[in-house]
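Hello,

Here is the structure I promised to hand over. Please open it first, then read my notes below.

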Amino acid sequence: MRIEEIRGWGAKIADWAARYLSTVHERPVRSPQAPGATLKALPAAPPERGEDMEAIFADFEKIIVPGLTHWQHPRHFAYFPCNSSPPSVLAEYLTASLGVQCMLWQTSPAATELEMRVMDWLRQMLGLPEEFQGVIHDTASSATLSALLTAREKALNWRGNGQGLSGQPAVRVYCSEQAHSSIDKACWIAGIGQDNLIKLPSSGSLYGMDVAALDRAIVADRAAGHLPSAIVASVGATSVGACDGVRAICEIARRHNIHIHVDAAWAGSAMICPEFRELWDGVQLADSVVFNPHKWLLTNFDCTAFFVRDPAALVKTLGIRPEYLKTQGRDGIINYSEWSLQLGRRFRALKLWFVIRAYGLENLRNLVRDHVRWAQGLAERIKATADFELVTPPILSLFSFRYKPEGTADLDALNARLIQAINDDGRTYLTQTRFQDQFVIRFVVGQTYTTERDVTFAWEVIQEIARNIK
Ligand SMILES: *Cc1c(COP(=O)(O)O)cnc(C)c1O
């Protein structure tokens, strides 16, 4: 394909994208395809000779699109949202066109310096103190792993990277039972091990970690010769939005000289609204904070904001400088690959810059506020509806509920059938969780193009399907 052809095809694809996004609400949200359907439609061997873009694009429409679940559908209320928006889409096109690799300052000075600037904008947007410096990671999983590696090295006095973990005391990490599975995985990968991740019970109106139990666990571990290294505080955990008491946890962490990492992967975006910041009160005392603009801040996947109080500790953990990566004669610059796990880095700052400028803080805040308000409104209606039970009230824009008609013995099985019927129907898309050993249905508002009408329409669909279920 010649460079010139980008022009015509770029215009066609732009046209397709605009049409797709403005009509996506007509499609079933979750792909109705059976397993193996896409695979069967694809040739088993790659083509020997180049094919026409015409043919490739026709197959994209015919084979790929029907097998997609439409995350930008305005009635996608499942999992957490994974936002996109017009300025972000355009920036991604530019990023792909430039194809720059942003591992070092000199491999694209503007990319590094734009990243420094937009991360500081984000810091201000969230109300984090000036000591925090940010870096863009691919996912919260990577950021949390980076935080736990830093904590591990600090606790081992930097012996882990050099000597490995054998012969060292057990490195311990603490989190709530509500914490996301990325904490478990980070402990696996960091060589800390599942058995050294201590999960504390949660309770109260925000399902926060029992801090007295946390303190006792740390004291007992020290007495046993273990090495407490990190506490992960969750703000807006994935199941029902649990929020730990960040301030109390930070005070314990300080007292015991332990790294405190805040996982606000989803809820962090809401902190652009000052009225929600009480949910992470005390965050300014943390050592590191992660949140995903790719979840709820209109920025395409992948874009994770990772803030650290002490970049030197992060760089001491992840920075490595073989001769071929040295930046000759340049001091005081940031090489962001030393702040992250992988060496190669996409130019992700561009889409954040486009999004923040195109919307402005006022529009971004209003969007989050609308989502929270609509979730609260629907939760109230569910509470007032016979045969339905609101199980956990909204934390920001996430709540859970279940269908509970009189005289049903097995509510778990009934709700499992209900959610399957809803998702097979395709007009909306929801996912489940377990809460206090009950099967419950989650509802989370956060998609870019969702309107209040989409929220009420989804509720009409849920009731209609529930009344017909056996
Ligand atoms: C989504 C989520 C994660 C993981 O996010 P990735 O960016 O996909 O790794 C971690 N923690 C919480 C609370 C989440 O909601």
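How many residue pairs are in polar contact between domain 1 and domain 2? The count is six, with both residues at pLDDT 80 or more. A polar contact is a pair of N or O atoms within 3.5 Å; within protein, one must be able to donate a hydrogen and the other to accept it, and residues adjacent in sequence count only if both atoms are side-chain atoms.

Some ground rules. This is a predicted model, so local features need pLDDT of at least 70 and side-chain atom pairs count only at pLDDT 80 or more, while totals for chains, interfaces and linings use all residues. Residues are numbered from 1 along each chain as its sequence is written, and side-chain values use heavy atoms, with hydrogens and water left out.

The two domains

Domain 1 covers 100-346 and domain 2 covers 361-466. These bounds come from an automatic or database domain assignment. The C-alpha centres of the two domains lie 31 Å apart. In domain 1, 22 residues are in contact with 23 residues of domain 2 (contact means heavy atoms within 4.5 Å). On the domain 1 side, 17 of the touching residues are nonpolar, four are polar and one is charged. Here Ala, Val, Leu, Ile, Met, Phe, Trp, Tyr, Cys and Pro count as nonpolar, Asp, Glu, Lys and Arg as charged, and the others, Gly among them, as polar.

The area buried between the domains is about 1900 Å², and carbon and sulfur atoms give 74% of it. Buried area is the accessible area (1.4 Å probe) that two parts lose on being put together, summed over both. V240, W296 and L298 lose the most area in domain 1, together 32% of what that side buries.

L298 has another feature: its phi is near 60°, a positive value in a residue other than glycine. Most residues other than glycine have a negative phi.

Salt bridges

The structure holds 31 salt bridges (a side-chain nitrogen of Lys or Arg within 4 Å of a carboxyl oxygen of Asp or Glu). One is found across the domain interface. R369 pairs with E275, with the closest N and O atoms 2.6 Å apart. R348 pairs with D302, with the closest N and O atoms 3.3 Å apart. The peptide bond from F301 to D302 is cis, with omega near 5°.

Aromatic pairs

There are 18 aromatic pairs. Rings of Phe, Tyr and Trp (its six-membered ring) pair if their centres lie within 6.5 Å; planes under 30 degrees apart count as stacked, over 60 as edge-to-face and the rest as tilted. F80 and W266 are stacked, 4.4 Å centre to centre with 10° between the planes.

Best wishes
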